[in-house]
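Keep the viewer open as you read.

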Amino acid sequence: MYNNPIVSSQFKVPAIKRTPRCILRPLTMRDATRDFDAVMSSAEYLREHFNPDSSWPEGLTIEQNLIDLGWHEYEFQNRTSFTYTVVDLLDETTVGCCYIYPSTLDGHEVSISHWVRDSERATGLNEHLKQTLKTWVAEEWPFSNPLYINFD
């Protein structure tokens, strides 16, 4: 989907971010089953907050999810976007996802969004992830004016 790298070839892309509540690591096709479970457990929230004009993820199959994850992995390798899975501290359960995509709005190099699965929303993980992303991007990524989507 995206053609141009959003970071230079000299930039060392962070491979992992550990917090007291979760781990962020690159989303790969090996995460298909766990990611599918997280997506489907939060389908209504995802539809309402990410694409209200679409029925996605209604009807999503594990095979289609595998294709989506392969595409995310490809874009990560080509530095055109970065998708991180959010997992628990033991890396046993997918609890959400975050995205660093090129922005289409002037003045913003990237747009950053995230979600946490329904079962985690009341635990404060959503707020924790918002603050983690803002700090992480400010301290470790080369963006001067990222746009945070659905952070308010």
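## The pocket and what surrounds it

Helix 1, helix 2 (43–50), helix 3 (62–77), strand 4 and strand 5 each put at least two residues into the lining of the largest pocket. Helices (H or I, at least four residues) and strands (E, at least two) are DSSP runs numbered from the N terminus. This is a predicted model, with residues numbered from 1 along each chain as its sequence is written. Local features need pLDDT of at least 70, side-chain atom pairs count only at pLDDT 80 or more, totals for chains, interfaces and linings use all residues, and side-chain values use heavy atoms, with hydrogens and water left out.

Back to the pocket: its volume is about 690 Å³, a volume being the space filled by probe spheres set on grid points that are joined across faces, edges and corners. Its lining runs to 25 residues, with Phe50, Trp56, His72, Tyr99 and Tyr101 nearest the centre. Helix 3 gives the largest share of that lining, six residues. On a 1 Å grid over the protein atoms alone, a pocket is an open set of points where a 1.4 Å probe fits, with protein on both sides within 12 Å along at least five of seven lines, and lining residues have an atom within 4 Å of a point.

Six strands make an open sheet in the order 1-2-3-4-5-6, with mixed pairing. Strand 1 (17–18) and strand 6 (147–148) sit at the edges with a single partner strand each, so one side of each has no neighbour in the sheet. Helix 1 (residues 32–41) packs on the sheet, touching strand 2 (23–26), strand 3 (82–87), strand 4 (94–102) and strand 5, and its direction makes about 90° with that of strand 4. Contact here means heavy atoms within 4.5 Å, and the angle, on a scale from 0 to 180 degrees, is between N-to-C directions of axes fitted to C-alpha atoms, for helices over the stretch in contact.

Here are the pairings, where two strands pair if DSSP finds at least two bridges between them:

| Strands | Sense | Bridges |
|---|---|---|
| Strand 3 and strand 4 | antiparallel | six |
| Strand 4 and strand 5 | antiparallel | seven |
| Strand 5 and strand 6 | parallel | two |

Tyr84 bridges to Cys98 in strand 4, Pro102 to Val110 in strand 5, and Ser111 to Leu147 in strand 6. Cys97 stands opposite Trp115 in strand 5. Strand 3 and strand 4 form a hairpin with six residues between them, and Asp91 in that turn has a positive phi of about 55°.

### Strands 4 and 5, inside and out

Eight of the nine residues of strand 4 are buried, so the rest of the structure largely encloses that strand. Buried means under 20% relative accessible area, exposed means over 50%, and partly exposed is in between (1.4 Å probe, protein chains only). In strand 5, seven of seven residues are buried: Val110, Ile112, His114 and Val116 on one side, and Ser111, Ser113 and Trp115 on the other.

Ser113, in strand 5, is buried at a relative accessible area of 9%. Leaving aside neighbours within four places in sequence, Ser113 contacts Phe50, Cys97, Cys98, Tyr99, Ile149 and Phe151.

Helix 3 has 16 residues, which should span 22 Å at 1.5 Å a residue, and its end C-alpha atoms are 22 Å apart, which agrees. The expected span is 1.5 Å times one less than the number of residues. Buried residues in helix 3 are Asn65, Leu69, Gly70, His72, Glu73, Glu75 and Phe76, and their cover includes strand 2, helix 1, strand 3 and strand 4. Just after helix 3, Arg79 takes a positive phi of about 65°.

Leu125, Asn126, Leu129, Lys130, Thr132, Leu133, Trp136 and Val137 are buried in helix 5.
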